Amino acid sequence: MLQFHIPNMTCGSCARPVKDALLSVDPLAQIETDTPARQVRVETALDEAAFLAVLAEAGYPHQPLASR
């Protein structure tokens, strides 16, 4: 499972294009969005790099969480 932190995914209207972008990489992926936490979880067998690229192209780049 991949997990992405999308700082500018602030509402349900933002979650839809994020999900659509991810599905363009893997139409069979299982995607769960958590808008309040600004996180997306993707169940896929594909590599993370393709998802990172499409998120950036869609205007919703992943930002790693600061380590504690």
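**Briefing: fold, core pair and surface**

The protein chain has 68 residues, and a compact globule of that length would have a radius of gyration near 11 Å; the chain has 11 Å, which agrees. This is a predicted model. The protein chain has two helices and three strands. One aromatic pair is counted, under the ring-pairing rule used here.

**Overall build**
- Along the sequence, the elements of the protein chain run β-α-β-β-α.
- The C-alpha trace spans about 30 × 30 × 20 Å along its principal axes.
- Contacts between residues at least 6 apart in sequence were sorted by separation. Of these, 65% join residues at least 24 apart.
- Buried residues make up 34% of the 68 in the protein chain.

**The aromatic pair**
- The partners are Phe 4 and Phe 51.
- Their ring centres lie 6.5 Å apart, centre to centre. The angle between the planes is 40 degrees.
- The pair is tilted. Stacked would need planes under 30 degrees apart, and edge-to-face over 60.
- Phe 4 sits in strand β1, which covers residues 2–5. Phe 51 sits in helix α2, which covers residues 48–57.
- The pair therefore ties together parts that are 47 residues apart in sequence.
- Phe 4 is buried, because its relative accessible area is 1% and the cut-off for buried is under 20%.
- Phe 51 is buried too, at a relative accessible area of 0%.

**Ala 53 in helix α2**
- Helix α2 also holds Ala 53.
- Is Ala 53 buried, partly exposed or exposed? Ala 53 is partly exposed, with 38% relative accessibility. That class lies between the buried limit of 20% and the exposed limit of 50%.
- Ala 53 and Leu 22 are 31 residues apart along the chain. Their C-alpha atoms are separated by 9.8 Å.

**Surface and charge**
- The protein chain exposes about 4200 Å². Carbon and sulfur atoms supply 52% of that area.
- How many positive and negative side chains does the protein chain have? The protein chain has 5 positive and 8 negative ones.
- The centres of the two charge sets lie 10 Å apart.

Definitions and conventions. Residues are numbered from 1 along each chain as its sequence is written. This is a predicted model: local features need pLDDT of at least 70, side-chain atom pairs count only at pLDDT 80 or more; totals for chains, interfaces and linings use all residues. Side-chain values use heavy atoms; hydrogens and water are left out. Rings of Phe, Tyr and Trp (its six-membered ring) pair if their centres lie within 6.5 Å; planes under 30 degrees apart count as stacked, over 60 as edge-to-face and the rest as tilted. Helices (H or I, at least four residues) and strands (E, at least two) are DSSP runs, numbered from the N terminus. Buried means under 20% relative accessible area, exposed over 50%, partly exposed in between (1.4 Å probe, protein chains only). The radius of gyration is taken over C-alpha atoms; the globule rule is 2.2 Å times the number of residues to the power 0.38. Contact means heavy atoms within 4.5 Å. Accessible areas come from the Shrake-Rupley method with a 1.4 Å probe; for residues, only the protein chains shown count as cover. Lys and Arg count as positive and Asp and Glu as negative; His and the chain ends are not counted. The place of a charge is taken as NZ of Lys, CZ of Arg, CG of Asp or CD of Glu.
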